[in-house]
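The following note comments on the model shown below.

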Amino acid sequence: SKQIRMLTEEYNGLSLYGDLKIKERLFIVSELGRDTKKINNNNLNSEFSGNYIKAGINYNLYNNLPGLNNEIYIGFRFAVSEFNSQISQYNIYNKDQFWIQESISESLIYKNLNANWFELIIGINSELVNNFFIGISLRLNRMLNQKKPENFTNLYIPGFNKVTENNNFGTGITYTLIYQIPIVKK
């Protein structure tokens, strides 16, 4: 889904996904990714970039017919992100709109920021042709901890997405194209 976002907003990203079947319906899952997101509006020009890793499990709820490998699954991930943010221009918020808003064009760079969270996931993977799958998942994220820059806040965290003040929850939709490497034959 990151490739679709790159066409519609100021965003670049890549995510690699891998899973390993440890039982008939249980999978160990890992995701690695890198995101760069620019936020440019009337009040702020900024860029957030960094890496993330997610690890967890998926449980396939779907009982396949013989010869099929489709999945309807629920999953859990623990995620960690390390990132930097750069603020190029910002306006100081003033409740009294009588005065003209002052714009500050000072470059502020915050390095070595980090965050961790967990995700609950429900998703579907459907086999299109032999060993090639397409999938979609819905994610509910819960922020556990984040290192905020001094005198500012994180507006975007790679892997978590948009962050809002006083709300530790986030959501996401992920579309995937998956190739299953046939290591073990049935």
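1. A residue is termed buried under 20% relative accessible area, exposed over 50% and partly exposed in between (1.4 Å probe, protein chains only). By this criterion Glu-31 and Arg-77 are both buried. The model is predicted: local features need pLDDT of at least 70, side-chain atom pairs count only at pLDDT 80 or more, and totals for chains, interfaces and linings use all residues. Residues are numbered from 1 along each chain as its sequence is written, and side-chain values use heavy atoms, with hydrogens and water left out.

2. Four salt bridges are present (a side-chain nitrogen of Lys or Arg within 4 Å of a carboxyl oxygen of Asp or Glu). In one of them, the closest N and O atoms of Glu-31 and Arg-77 are 3.0 Å apart. Glu-31 belongs to strand E2 and Arg-77 to strand E4 (residues 71-91), so this pair ties together parts 46 residues apart in sequence. Strands are DSSP runs of at least two residues, numbered from the N terminus.

3. Glu-31 also forms a salt bridge with Arg-139, at 3.1 Å from N to O. Arg-139 is buried because its relative accessible area is 9%; Glu-31 counts as buried at 5%.

4. Glu-119 and Lys-54 meet in a salt bridge of 2.8 Å, N to O. Salt bridges that share partners join Glu-31, Lys-54, Arg-77, Glu-119 and Arg-139 into one network.

5. Strands E1 (residues 11-21) and E2 (residues 26-40) pair in the antiparallel sense over 11 bridges; pairing requires at least two DSSP bridges. A hairpin of four residues joins E1 to E2.

6. Leu-108, in strand E6 (residues 108-129), is buried at 18% relative accessibility.
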